[in-house]
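Thanks for coming, everyone. Please look at the screen while I talk.

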Amino acid sequence: MKNANWPPLVRVQHWLTVLLMILCIGAVWSHEAFDKSNPMRAQLMQLHFLSGGVIGLLTLLRVVTRAVVTGPVHSTTPLVTLLAKAGHLGLYLLMILLPLCGYVAVSGKGLPINLLGWLEIPPLPVSSGVAKVFKELHEGLGNALIALVALHVAAALFHALLLKDKVLQSMLGRAAE
Ligand code: HEM
Ligand code: HEM
């Protein structure tokens, strides 16, 4: 009999990404609350770089995982399945592109990128003009990701609360076999 739940490895990767995303976006949004003389501002940005970088690496691992494991098949229309697949693909693409654009954006200063004193990453050899373009691209894609995540969460809640089907349960590991 086919499994009604997503495999445990996919579920762990999914919910770990959600936690890291809360950290990543929470850090970049809250750094604005501190003025430039406060070291907390730089530390929150370093937390943003670190959690964002880990999201990128975890996403690459998820792509490999998803190439070898299959998810549950939900009884829904082909159009809904297509929309869900397109949404998931968009999320994957953005989670890979965002850390790359962010890396180019912070390389413009020509200084090593400090990750909370745990790790230092050398900057890429890019001009400040190129870095500025990538900073804007990063901000635009970051906002697109937030919008797509909001749609994704709304869809999950729509399934759980209105359609009352097993879609959300399958990612929580609670769908009946
Ligand atoms: C999946 C991972 C990431 C996500 C979802 C993400 C998301 C965001 C968001 C939403 C913003 C705020 C955009 C705005 O102000 O409108 C932002 C800003 C920024 N991010 Fe990221 N980011 C990620 C990874 C990274 C990485 C790895 C780096 C660098 C190594 C980075 C560097 C920056 C920089 C420099 C800013 C501009 C902050 C400012 O000056 O206000 N990001 N990011
Ligand atoms: C940072 C936020 C999130 C991201 C980036 C994200 C990403 C993804 C991706 C890529 C998938 C496809 C399955 C996979 O390859 O792992 C997925 C599936 C799913 N996500 Fe999320 N997710 C996020 C947050 C959430 C939240 C908060 C919920 C619940 C309220 C949720 C519920 C689900 C469900 C139910 C599925 C399974 C859909 C299906 O079986 O077709 N996700 N998510």
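One caution before the tour. This is a predicted model.

Start with the parts list. The protein has five helices and two strands. What order do the elements run in, from the N terminus on? The order is α-α-α-β-β-α-α. So much for the list. Now the overall dimensions. The C-alpha trace spans about 55 × 30 × 30 Å along its principal axes.

How much of the protein is buried? There are 177 residues, and buried ones make up 14% of them. Next, the contacts. Take those between residues at least 6 apart in sequence. Of these, 72% join residues at least 24 apart.

Let's pick out one residue. Leu82 sits in helix H3. Is Leu82 buried or exposed? Count the C-beta atoms around it. Leu82 has 10 others within 10 Å, and a residue with 12 or fewer counts as exposed. Leu82 is therefore exposed. Here is a distance to go with that. Leu82 and Leu93 are 11 residues apart in sequence. From C-alpha to C-alpha, they are 16 Å apart in space.

Now the helix packing. Take H1 and H2. Their axes come within 8 Å and cross at roughly 155°. Why do we call this pair roughly antiparallel? Angles over 145 degrees count as roughly antiparallel, so H1 and H2 get that label. The crossing of H1 past H2 is left-handed. Who makes the contact? From H1, the residues include Leu9, Leu16, Leu20, Ala27 and Val28. From H2, they include Leu44, His48, Gly52, Ile55 and Arg62. By class, this contact of H1 with H2 has 15 nonpolar residues, seven polar and one charged.

Next pair: H2 and H3. These two helices pack at about 140°, and their axes are 9 Å apart. The contact of H2 with H3 divides into 10 nonpolar, five polar and no charged residues.

On to the ligands. Ligand 1 has 24 residues around it. Which come nearest? They are Phe49, Gly52, Pro99, Gly102 and Gly142. Helices H1, H2, H3 and H4 each give two or more residues to this shell. On the sequence, H1 covers 8-30, H2 covers 39-68, H3 covers 78-107 and H4 covers 128-163. The shell around ligand 1 holds 14 nonpolar, eight polar and two charged residues.

Some names come back here.

Last, ligand 2. It is surrounded by 21 residues. The closest are Met21, His88, Ala156, Leu168 and Met171. Two or more residues each come from H1, H2, H3, H4 and helix H5, which covers 167-172. Which element gives the largest share? That is H1, with five residues. By class, the shell around ligand 2 has 12 nonpolar, seven polar and two charged residues.

That's the tour. Any questions are welcome.

Conventions. Residues numbered from 1 in each chain as written. Chains lettered and ligands numbered in written order. Predicted model: local features only at pLDDT ≥ 70, side-chain atom pairs only at ≥ 80, totals over all residues. Near = placed C-beta within 6 Å. Helix = DSSP H or I, 4+ residues; strand = E, 2+ residues; numbered from the N terminus. Nonpolar A, V, L, I, M, F, W, Y, C, P; charged D, E, K, R; others polar. Axes fitted to C-alpha atoms, helices over the stretch in contact; angles between N-to-C directions. Parallel < 35°, antiparallel > 145°, perpendicular 65-115°, else oblique. Left-handed = near helix turned anticlockwise from the far one by under 90°. Contact = placed C-beta atoms within 7 Å. Buried ≥ 20, exposed ≤ 12 C-beta atoms within 10 Å, placed from the backbone.
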